[in-house]
Amino acid sequence: MGAIDGRTWLEHISPTECWALLAATPVGRIGVLNDSAPEIYPVNHVVDRDTIVFRTDPGSKLSGLLRSPAVCYQVDGIDPADATGWSVLVKGRAAELHHPDDLRRVASLPLHYWTLGDKAHWIRIIPDQVTGRRIWSRTPPGGSVTSGSETAFPAPHAEQDEEVRRGPAPDGQ
């Protein structure tokens, strides 16, 4: 954990917590190369045994993944009012699933996508690196900032910290 400006703190998130945040966050963004230019697309995903799985239709996202399978994938949660948030970044390789056993397995996963379409192509991201960071402020309720000479800094408010850790709650919970 390190201070950014005396009030704002940045901490690294453990790999275990990164996977929990990935599992709790239904939408992320995949970065792919298309004709040597980076493009970012939002996708619904599900975590499956330390990999990320999503479905897609034919188009520039799929063609980019198939031509250049090195990808990055990011999920985050932010609270602009409190200037707090977290981010998880996965770097790895994307592979389209074709084997019938793999397709049966992923078809049983609780993947809920928000857009219409057949989404006939299943993609799995096999991570090489999973990292996360959380940013929070030591400004207490009411806005007064503790003096910069203190060596122990309070953690964010427990309720806010729990939401930041877990990500947004699924609908109806």
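**Ground rules.** I number residues from 1 along each chain as its sequence is written, and side-chain values use heavy atoms, with hydrogens and water left out. Because the model is predicted, local features need pLDDT of at least 70 and side-chain atom pairs count only at pLDDT 80 or more, while totals for chains, interfaces and linings use all residues.

**Strand β6.** I took helices (H or I, at least four residues) and strands (E, at least two) as DSSP runs, numbered from the N terminus. I used "buried" for under 20% relative accessible area, "exposed" for over 50% and "partly exposed" for in between (1.4 Å probe, protein chains only). Strand β6 covers residues 52–56, and four of its five residues are buried, so the rest of the structure largely encloses it.

**Partners of β6.** I count two strands as paired if DSSP finds at least two bridges between them. β6 runs antiparallel to strand β5 (residues 46–47), with two bridges joining them. Val46 stands opposite Val53 in β6. The hairpin of β5 and β6 has four residues between the strands, and in it Arg49 takes a positive phi near 50°. β6 is also antiparallel to strand β9 (residues 121–137), through five bridges. Here Arg55 has Trp122 in β9 as its bridge partner.

**Aromatic rings.** My rule pairs rings of Phe, Tyr and Trp (its six-membered ring) if their centres lie within 6.5 Å; planes under 30 degrees apart count as stacked, over 60 as edge-to-face and the rest as tilted. The count by this rule is one aromatic pair. Trp9 and Trp136 form it, stacked, at 6.4 Å centre to centre with 25° between the planes. Trp9 lies in strand β2 (residues 8–13) and Trp136 in strand β9, so the pair ties together parts 127 residues apart in sequence. I found both Trp9 and Trp136 buried.

**Cores.** A nonpolar core is a set of buried Ala, Val, Leu, Ile, Met, Phe, Trp, Tyr and Cys residues joined through side-chain atoms within 4.5 Å. The largest has 23 residues, and Leu65 is one of those that touch the most other members. A second, separate core of seven residues includes Leu109 and Trp122.

**Leu109.** I located Leu109 in the loop between α3 (100–107) and β9. Leu109 is buried, at a relative accessible area of 17%. Leaving aside neighbours within four places in sequence, Leu109 is in contact (heavy atoms within 4.5 Å) with Val46 and Asp48. Leu109 and Val46 are 7.3 Å apart, C-alpha to C-alpha, and 63 residues apart in sequence.
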